[in-house]
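Reader: I'm new to this one. Could you show it to me and take my questions one at a time?

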Amino acid sequence: MKTTQPADRSRWPTVLGAVSPVDFINEAILELKRERCGGGGGREGGSFQSPFSSFISSLNPIRKRFDETSAWTNYIVLSQGTQDERKAAFACLLRVAISCWNIGNFNGAKEIVDGLK
């Protein structure tokens, strides 16, 4: 089974700093609206261009990192040999997710929990 190497962490502060929290939330809301409206964006007579389309390229690395971490947590549990080892790995990762939550790292907690689904 092929494993995914962790992304280069040295570039993440610049990626996260490139998108302000307000712009991130606005883009997330617009993305949800596009999904609910079938991807058309709700304007007639053509495609809808997000006012934050310049930030989409900045958000893609963040989404990629989220998906990589979720896939990694899933792999850690499923790669264990026995059921007891899987339970132990699951419990360990769940404790890490709880610790992330307690220190305010909600994104990290969500990444781990999504991987454990």
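Author: Helices (H or I, at least four residues) and strands (E, at least two) are DSSP runs, numbered from the N terminus. Keep in mind that this is a predicted model, where local features need pLDDT of at least 70, side-chain atom pairs count only at pLDDT 80 or more, and totals for chains, interfaces and linings use all residues. Residues are numbered from 1 along each chain as its sequence is written, and side-chain values use heavy atoms, with hydrogens and water left out.

Reader: How many helices and strands does the chain have?

Author: Walking from the N terminus, the elements read α-α-α-α-α. The tally is 5 helices and 0 strands.

Reader: How far apart are the end C-alpha atoms of helix α4?

Author: Helix α4 covers residues 83-102, which is 20 residues. At 1.5 Å a residue it should span 28 Å, and this agrees with the distance between its end C-alpha atoms, 28 Å.

Reader: Which residues of α4 are buried?

Author: Buried means under 20% relative accessible area, exposed means over 50%, and partly exposed is in between (1.4 Å probe, protein chains only). In α4, the buried ones are Ala89, Leu93, Ala97 and Cys100.

Reader: Where do they sit around the axis of α4?

Author: The arc is taken from the directions from the helix axis to the C-beta atoms. These residues cover an arc of only 75°, so they are on the same side of α4.

Reader: And which exposed residues are on the face turned away from that buried side?

Author: That face of α4 points away from the buried side. Its exposed residues are Asp84, Lys87, Arg95 and Asn102.

Reader: What kind of aromatic pair do Trp101 and Phe106 form?

Author: Rings of Phe, Tyr and Trp (its six-membered ring) pair if their centres lie within 6.5 Å; planes under 30 degrees apart count as stacked, over 60 as edge-to-face and the rest as tilted. The structure holds 1 aromatic pair. Trp101 and Phe106 sit 4.6 Å centre to centre with 70° between the planes, so the pair is edge-to-face.

Reader: Is Trp101 buried or exposed?

Author: Its relative accessible area is 52%.

Reader: What about Asp23, buried or exposed?

Author: Asp23 is found in helix α2 (residues 21-36). Its relative accessible area is 15%, so Asp23 is buried.

Methods. The expected span of a helix is 1.5 Å times one less than its number of residues.
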